[in-house]
Amino acid sequence: MLILTFFGFTPGGKRCLDMGQYRFTVHQNEGAKVRWRCVRKTVGCTAFVTTIDNIIIRVRQIHNH
Ligand SMILES: [Zn+2]
């Protein structure tokens, strides 16, 4: 299954990653390695994405919304 993924910026100027209908923002930035959390983490969503040099190496695409 192909999920369209885009790197971009939020209206507030933060880096974001859009994957299908879901948006992720930077949670931890360790040089080239970035951990992204779903923007709905405030409502308890635990989905995350890990990238290295903007290449997705790990996805936990389990959303509670
Ligand atoms: Zn989510």
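Two strands are taken to pair if DSSP finds at least two bridges between them. In the predicted model described here, strand β3 (residues 22-30) and strand β4 are joined in the antiparallel sense over six bridges. Within this part of the structure, Asn29 lies opposite Val34 of β4.

The pairing of β3 with β4 belongs to an open sheet of six strands, arranged in the order β1-β2-β3-β4-β5-β6 with antiparallel pairing. The edges of the sheet are formed by β1 (5-9) and β6 (55-60); each has a single partner strand, so one side of each is left without a neighbour in the sheet. On average, neighbouring strands are turned by 30° against each other, direction ignored. In general, the strands of a sheet pair through backbone hydrogen bonds, in either a parallel or an antiparallel manner.

The largest nonpolar core comprises seven residues, namely Leu17, Phe24, Val34, Trp36, Cys38, Ala47 and Val49. Strand β4 (residues 33-38) supplies the largest share of this core, with three residues. In soluble globular proteins, nonpolar side chains tend to be buried together. Among the core residues, Trp36 was examined for its contacts beyond four places in sequence: the partners include the core members Leu17, Phe24 and Val49, and Thr25, Val26, His27, Phe48 and Thr51 are also in contact with Trp36.

Thr5 is located in strand β1. This residue counts as partly exposed because 16 C-beta neighbours lie inside 10 Å, whereas a buried residue would require 20 or more. When residues up to four places away in sequence are not counted, Thr5 touches Leu17, Asp18, Met19 and Ile56. The C-alpha atom of Thr5 is separated by 15 Å from that of Ala47, a residue 42 residues apart from Thr5 along the chain.

Pro11 is placed in the loop between β1 and β2 (15-19). With 6 other C-beta atoms within 10 Å, Pro11 is exposed, the limit for this class being 12 or fewer. A separation of 13 Å was computed between the C-alpha atoms of Pro11 and Val39, which are 28 residues apart along the chain.

How values were computed: Residues are numbered from 1 along each chain as its sequence is written. This is a predicted model: local features need pLDDT of at least 70, side-chain atom pairs count only at pLDDT 80 or more; totals for chains, interfaces and linings use all residues. A nonpolar core is a set of buried Ala, Val, Leu, Ile, Met, Phe, Trp, Tyr and Cys residues joined through C-beta atoms within 7 Å. Helices (H or I, at least four residues) and strands (E, at least two) are DSSP runs, numbered from the N terminus. Two residues are in contact if their C-beta atoms, placed from the backbone, lie within 7 Å. Axes are lines fitted to C-alpha atoms, for helices over the stretch in contact, and angles run from 0 to 180 degrees between N-to-C directions.
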